[in-house]
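Here are my notes on the model, as numbered points. Please read them with the structure open.

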Amino acid sequence: MKKYVLAFITIYSLNLINAQETVIFPDQSSVITTGVPFMLIAPDARAAGMGDIGVATSVDGFSQQWNAAKYAFSETKSGISLSYTPYLSKLVNDISIGYLTYFNRLNENSAVSASFKYFSLGEITLTQGPDDPGLNVKPNEFTADIAYTLRLADQFAMGVTMRFLRSDLRIDQVDPNANAANTFGVDISGYYQSEEEAYNDFNGRWRAGFAIQNIGPKFKYDDGGRENFQPTNLRLGGGFDFIFDEYNKLGVTAEVAKLLVPTPPVLGFVDTIQEGDTEPNGEQDPNEPTIIVEGQDNDVSFISGMFQSFGDAPGGFSEELKEFTWALGAEYLYQESFAFRAGYFNESEDKGARKFFALGAGFKYNIINVDLSYLFSASKVQSPLENTLRFSLTFNFGDGEYDEY
């Protein structure tokens with residue numbers, strides 16, 4: 001009988017202890033973070049004026065940023081484009097993004113292109129005391145890439161872009177072990193553009209595009225540092241051109257995008273009764289290791305991370321849908337010489353809360369295109385580009401040398 005009582009007391013005590021074990025996890029953000037996020041910022045005024053869309057819009061000099069496959073549909077032989085985007089202009093005046101592109105159609109079926117994007121974080125003065133004159137440093141990041149585009153059919157082309165990336169943000173005067181991070185990436189893109197078709201009151205043309213951008217290995221700034229994912233991104237878009245007559249055209253475009261990067265899991269620990277306590281203390285002790293409470297481990301390779309990103313959100317399918325951004329844009333073109341643009345961009349409140357309206361305009365004189373855009377934030381989280389005027393310039397050479405088909 002005593003054995004049965006002893007067994008009962010033991011089982012009861014174990015159950016009581018288990019009942020006092022509590023899974024503790026703090027409130028954590030599920031916003032996906034990557035290295036070099038500047039690569040996702042629209043550097044050109046035309047795309048910015050339509051809500052940061054460009055994967056399925058008609059070809060222009062800045063197609064390298066969005067979808068290099070569009071160059072196969074350029075009626076211009078070649079072009080050089082440059083743009084300037086102030087960043088955080090309400091706070092400072094020396095942070096900006098500069099972008100330079102070049103493209104050249106080799107023949108009816110192929111084209112080559114290249115670009116250089118430079119993100120300057122301005123000048124920072126490091127001091128060690130009030131009498132120290134300080135040391136000026138200039139953190140920066142840049143990418144340099146080349147692309148080849150091949151027309152696989154009259155109405156469809158694909159492009160491949162190779163990219164070198166350098167991020168020099170760690171300051172070696174502060175951390176002697178810091179180094180500039182270097183890595184590479186690849187874009188794969190496709191673009192479809194139908195022939196002009198006649199409808200009842202207008203002619204029309206369909207457009208569609210896709211791009212998987214920044215496919216490449218993770219990188220870090222020092223041997224013991226954390227590895228950073230590149231902002232691998234999937235873009236899908238479609239649009240339609242309303243061609244009312246030879247002078248007036250209206251293009252409307254919609255786009256969705258998703259980062260192909262693992263969602264951070266919800267981390268926590270099992271809070272147990274420690275020696276000398278009568279109940280869990282709510283604090284993580286050395287013998288209480290961190291565990292994944294919800295979601296999946298994101299310490300994976302970049303390839304595994306791309307596939308995992310479609311089903312690893314801690315909140316399930318509903319949270320996965322929140323990781324898609326969407327944008328709508330429109331462009332009115334008069335006589336191929338004046339353009340007026342408008343757009344809207346939306347991101348979930350739980351995934352960054354970027355929401356903004358955009359306006360833009362474009363002018364063409366002879367071989368020169370000038371584009372401007374302006375952003376109005378529609379979110380409680382203020383955009384770094386709010387009330388910022390972006391400027392782009394394109395020089396077209398051999399305009400009309402190629403036909404669309």
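1. Arg341 is found in strand S17, residues 338–346; helices (H or I, at least four residues) and strands (E, at least two) are DSSP runs, numbered from the N terminus. With a relative accessible area of 5%, Arg341 is buried (buried is under 20% relative accessible area, exposed over 50%, partly exposed in between, with a 1.4 Å probe and protein chains only). The Arg341 side chain reaches the backbone oxygen of Ala361 at 3.4 Å. Leaving aside neighbours within four places in sequence, Arg341 is in contact with residues including Arg46, Gly49, Met50, Glu331, Ala361 and Asp371, where contact means heavy atoms within 4.5 Å.

2. This is a predicted model, in which local features need pLDDT of at least 70, side-chain atom pairs count only at pLDDT 80 or more, and totals for chains, interfaces and linings use all residues. Residues are numbered from 1 along each chain as its sequence is written, and side-chain values use heavy atoms, with hydrogens and water left out.

3. The protein chain averages a pLDDT of 85, and 82% of the residues score at least 70; pLDDT is the predictor's confidence in each residue, from 0 to 100. Over residues 1–20 the pLDDT is below 50, and this stretch has 5 contacts in the model beyond near neighbours in sequence.

4. Val381 is placed in the loop between strand S19 (368–377) and strand S20 (389–399). Its relative accessibility is 42%, so Val381 counts as partly exposed. Apart from neighbours within four places in sequence, Val381 is in contact with Gly352 and Ala353. Val381 and Arg354 are 27 residues apart in sequence, with their C-alpha atoms 7.0 Å apart.

5. How do S4 and S7 run relative to each other, parallel or antiparallel? Strand S4 (residues 110–120) and strand S7 (residues 140–153) run antiparallel, joined by 11 bridges; two strands pair if DSSP finds at least two bridges between them. Lys117 stands opposite Thr143 in S7. S7 is also joined by 13 bridges to strand S8 (residues 156–168), and these two run antiparallel. S7 and S8 form a hairpin with 2 residues between them. Ala144 has Phe164 in S8 as its bridge partner.

6. Rings of Phe, Tyr and Trp (its six-membered ring) pair if their centres lie within 6.5 Å; planes under 30 degrees apart count as stacked, over 60 as edge-to-face and the rest as tilted. By this rule there are 20 aromatic pairs. One of them is edge-to-face because the rings of Tyr87 and Phe119 have their planes at 85 degrees, with centres 5.7 Å apart. Tyr87 is in the loop between strand S2 (76–86) and strand S3 (96–105), while Phe119 is in strand S4, 32 residues apart. Tyr87 is buried at 18% relative accessibility, and Phe119 is buried at 9%.

7. The rings of Phe202 and Phe240 have centres 6.4 Å apart and planes at 80 degrees, so this pair is edge-to-face too. Phe202 lies in the loop between strand S10 (197–198) and strand S11 (203–215), and Phe240 in strand S12 (residues 233–243), so the pair ties together parts 38 residues apart in sequence. Phe202 is partly exposed at 22%, whereas Phe240 is buried at 8%. Ring pairs link Tyr199, Phe202, Trp206, Phe240, Phe242 and Phe244 into a cluster.

8. A charge sits over a ring if NZ of Lys or CZ of Arg is within 6 Å of the ring centre and within 35 degrees of the ring normal. Lys117 lies over the face of Tyr99, 5.5 Å from the ring centre. The charged end of Arg151 sits over the ring of Phe73, at 4.3 Å from its centre.

Definitions and conventions: Polar contact = N/O pair within 3.5 Å; in protein donor to acceptor, adjacent residues only side chain to side chain.
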